[in-house]
Amino acid sequence: MGMFPAGAPLALLLALVVGGMIPPCAQTAQAAARQAVVSVYDKQPPVTEKEVLGFVELLPRFRQWARDNKEEAHPVRRKGRPDFLYSPEAAAWVKNEGWDPRRFFCVMGRMAAAVTILAEGNDMPTRPGDMPAVSSGELELARVHMGSLLKAGGNDAALEH
């Protein structure tokens, strides 16, 4: 009949799974879920007012830390989609301040996009490839907290016009 005795393919498959040669389905599903998260924006809920208030409080200190340590943190386009570039050191600093790094940089990117949309007009014909989508609620939060966002971002001059 076949090359293997009856039941041998199943036994071989089980031996490979148990022996670690083939990961179990649960591990495969977890790996697929991790790979599905491509950017800081993936699987993130809309920004809340509480987050905006915490963000504007922390942002000036983060910006000072970044300048002092010659760190970069800014929107990028990765795999054709908006994302946010930050170092492991920046992530550690943000985490030490009580924020999940992905969430902090998600809030930073979305609020920057919302401020830009409000400044340029919501009918921007084309948006930069590193600009994340923002909800109408996030636009409203940016509108309500525009002064605080601009000041926290170091754009005091924009408030004077």
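How many aromatic pairs does the count come to? The count comes to ten aromatic pairs, and the sections below place these rings within the fold of this predicted model.

## Overall architecture

The protein comprises eight helices and two strands. Read from the N terminus, the order of elements is α-α-α-β-β-α-α-α-α-α. Of its 161 residues, 33% count as buried.

Among contacts between residues at least 6 apart in sequence, 64% join residues at least 24 apart.

## Confidence of the model

The average pLDDT of the protein is 80, and 71% of the residues score at least 70. Confidence is lowest in helix α1 (residues 8–18), where the mean is 37, and highest in α4, where it reaches 98. One covers residues 7–27, which have seven contacts in the model beyond near neighbours in sequence. The other covers residues 156–161, with six contacts counted in that way.

## The aromatic cluster

Ring pairs join Phe55, Phe62, Trp65, Phe84, Tyr86, Trp93, Trp99, Phe104 and Phe105 into a cluster. A pair of aromatic rings is described by the distance of the centres and the angle of the planes. The count of pairs comes to ten, one of them being that of Phe55 and Phe104, which is tilted, with 5.4 Å centre to centre and 50° between the planes. Because Phe55 belongs to helix α3 and Phe104 to helix α5, this pair ties together parts that are 49 residues apart in sequence. Phe55 and Phe104 are both buried.

Phe104 also pairs with Phe62, in an edge-to-face arrangement with 5.6 Å centre to centre and 65° between the planes. This second pair likewise links distant parts of the chain, with Phe62 in helix α3 and Phe104 in helix α5, 42 residues apart. Why does Phe104 count as buried? The relative accessibility of Phe104 is 0%, and buried means under 20%. Phe62, with a relative accessible area of 3%, is buried as well. Not counting residues up to four places away in sequence, Phe62 touches Ala73, Ala90, Trp93, Val94, Phe104, Phe105 and Met108.

In soluble globular proteins, nonpolar side chains tend to be buried together. Here the largest nonpolar core has 34 residues, and those with the most contacts inside it are Phe55, Phe62, Phe104, Phe105, Met108, Met111 and Leu149. Helices α3, α4, α5, α6 (136–144) and α7 (146–152) each supply at least two residues of this core. Helix α5 gives the most, with ten residues.

Val107 is placed in helix α5 and is buried, with a relative accessible area of 0%. Leaving aside neighbours within four places in sequence, Val107 is in contact with Val47, Glu51, Phe55 and Trp99. Val107 and Phe55 are 52 residues apart in sequence, while their C-alpha atoms are 7.5 Å apart in space.

## Helix α4 and its two sides

Which residues of helix α4 (residues 88–96) are buried? They are Ala90, Ala91, Trp93 and Val94. Seen down the axis of α4, these buried residues fall within an arc of 160°, so they line one face of the helix. An α-helix has 3.6 residues a turn, so residues three or four places apart point the same way.

Pro88, Lys95 and Asn96 are exposed on the other side of α4. Cover for the buried residues of α4 includes α3 (49–68) and α5 (101–120). Just after α4, Gly98 adopts a positive phi of about 95°.

Asp83 is found in strand β2 (residues 81–85). Is Asp83 buried or exposed? At 3% relative accessibility, Asp83 counts as buried. Leaving aside neighbours within four places in sequence, the residues in contact with Asp83 are Val38, Ser39, Val40, Tyr41, Pro75, Val76, Arg78 and Asp130.

How values were computed:
Residues numbered from 1 in each chain as written. Heavy atoms only, no water. Buried < 20%, exposed > 50% of the residue type's maximum accessible area, 1.4 Å probe, protein only. Helix = DSSP H or I, 4+ residues; strand = E, 2+ residues; numbered from the N terminus. Arc of directions from axis to C-beta. Contact = heavy atoms within 4.5 Å. Phe/Tyr/Trp six-rings, centres within 6.5 Å; stacked < 30°, edge-to-face > 60°. pLDDT = per-residue confidence, 0-100. Core = buried A, V, L, I, M, F, W, Y, C linked by side-chain atoms within 4.5 Å.
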